[in-house]
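The following note is intended for a reader new to this structure.

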Amino acid sequence: MFIILTLVFVCLFILYVKHKYFTSRRSIPSLPGHFLFGNLLQSGLLRGASLPQVYTSFKNKLGDIYEIKLGFFHGIVVGNIDDVKYIFTHRHIYDQNDWSVELLSVFIPDGLITLKDAKFKRHASIVMPLFRHGKILSNFDLIINCTDELLNNWRSSSSDQIHCDILQQSQNLLLEIFGFIGFDYDFDALGGTENNELAQALRNYLGMVEIGSYLPNFLFRAYMKFSPKYQRIQTTIKRYLYRMMEQELTETPESRAQRKKTSLIASLVASLQTDEQAEERKSEEEKKGLIRREILGEMLMFLIAGFETTSTALTWSIHLLSKHPEVQQKIKAELTKENVHHDLILDRFDSLIYLDCVIKEILRFSPPVHAVARTLTMNDRLPNSGIQLYKGDQILVSLWTLSRDSRYWSIDPELFYPERFLGEDKNHNPYAFFSFGSGHRQCIGQDLARFELKVIVARLMQYVTFIDGGPEVNAGGHVQGLTVMPKYVGVKIKFD
Ligand code: HEM
């Protein structure tokens, strides 16, 4: 009897999963998928393909709009630029994506990116002002000093050495910089051991996001709860978060009040509510500041956001510069022309127009974040393609595919050519290139990221030339994580 009941239960469960997750009820183009896997096997993701490669191959087969099923994740990929514009300008219909909120909540339960509505506004009012353009400029010298430390490390190596650890070096640099900017804390990521403990823990932490991307959330949560590896990583990261918070708590209230307009950690700790239990009982509308758990959540979110995305962009920068010596020469010529050959000063920084184009071209050619996602809050029809969508549908817009779509660019988008932004592609359609997202949930760290990249690349170009290490070690390729990182970067570093 027990066996029969178990069999009936298993059959009903399979039917439920098949009906809920693996039955297409749409007239949207799609490839027939497999039970439990959807299109995961066809996509090549399990064999190491990246999501940009998958979107490009599906687009070639199915057109601008198609449905994709990657394990338990089902999304509708929209690549028609007018519909893309419509999505990002109708925030009441297309809100923050539920799937990524569920997935990221496992890692960052109280970080801005996983919040919506009133709670999002409460957190945003505390952290957003710190990322305004004017606030960021004061970090200029700090970014230069950290970059100089990296240059010093490189100086001690032989000029024939091929550096294949550029991703790791970039991550260490960005961790060091963001430690100071965000937390007034020295992670010693460049001066200490090569394999910084926190950088390594964050790398492993983010490596786990991929496992969860295609599983139902409850299964992933259960896996994480019992994974000793995850528990170990979490303990390491928490140790740093508590240390930084404790360090800030030793500051006087006066010092904190003074610094809270410019320092993330001071602003977060200044918002700490002393009676946490009373705070938990309040309705969202009554709440004002943050409780300890929420502060730790925000610290972790900014640590990850400040570390991962910009270091990926920097690694792409070094790889692409090594492949384009002519671009390096032009940056160096601009630095000389603007008389910033050895002293890089903020006043002259805006005049580096060609360098701005290079940074833009790097972000267009290899956007670190592969896609932006939204979830429908009600039924809707896309105005251009006429596709009917339903409440709860997950929409994906592939940044990579749009920025390489020849319909939206005058100069071949497969070319790495920064000059395009001075001429023919200066007035490109804004929805063909938005590596920081768009609309009400666009990246709040974008001014900081652009500024960091520009200062770092300018400083590097004042002293070194990156030389292509050869077709195999410097082949590029993709590693799919939270961001799309280059797989093979191998360069020689020549001091000028
Ligand atoms: C090159 C570097 C970066 C890239 C390419 C990037 C890209 C993105 C993208 C595509 C989104 C989603 C936007 C959307 O849904 O419309 C995002 C969100 C976000 N980013 Fe960035 N980002 C970068 C650096 C940073 C930095 C340095 C920070 C802060 C330290 C940061 C903080 C955030 C936050 C808090 C969100 C969530 C915003 C929200 O949910 O409303 N990002 N970023």
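1. Donors are N, O and S atoms within 2.8 Å of the metal (3.2 Å for Na, K and Ca); water is not among the atoms, so sites may look incomplete. The model is a predicted one, in which local features need pLDDT of at least 70 and side-chain atom pairs count only at pLDDT 80 or more, while totals for chains, interfaces and linings use all residues. Residues are numbered from 1 along each chain as its sequence is written, and side-chain values use heavy atoms, with hydrogens and water left out.

2. For the iron atom of the ligand, the protein supplies a single donor, Cys443 (SG), at 2.3 Å. Cys443 belongs to the loop between α20 (399-403) and α21 (446-463); helices (H or I, at least four residues) and strands (E, at least two) are DSSP runs, numbered from the N terminus.

3. Six of the six residues of strand β5 (371-376) are buried, that is, under 20% relative accessible area (1.4 Å probe, protein chains only). Ala371, Ala373 and Thr375 cover one side, and Val372, Arg374 and Leu376 the other.

4. Strands pair if DSSP finds at least two bridges between them. Strand β5 runs antiparallel to β3 (94-96), with three bridges, and antiparallel to β8 (394-398), with five. Arg374 stands opposite Gln96, whereas Thr375 has Gln394 in β8 as its bridge partner.

Terms used. Buried means under 20% relative accessible area, exposed over 50%, partly exposed in between (1.4 Å probe, protein chains only).
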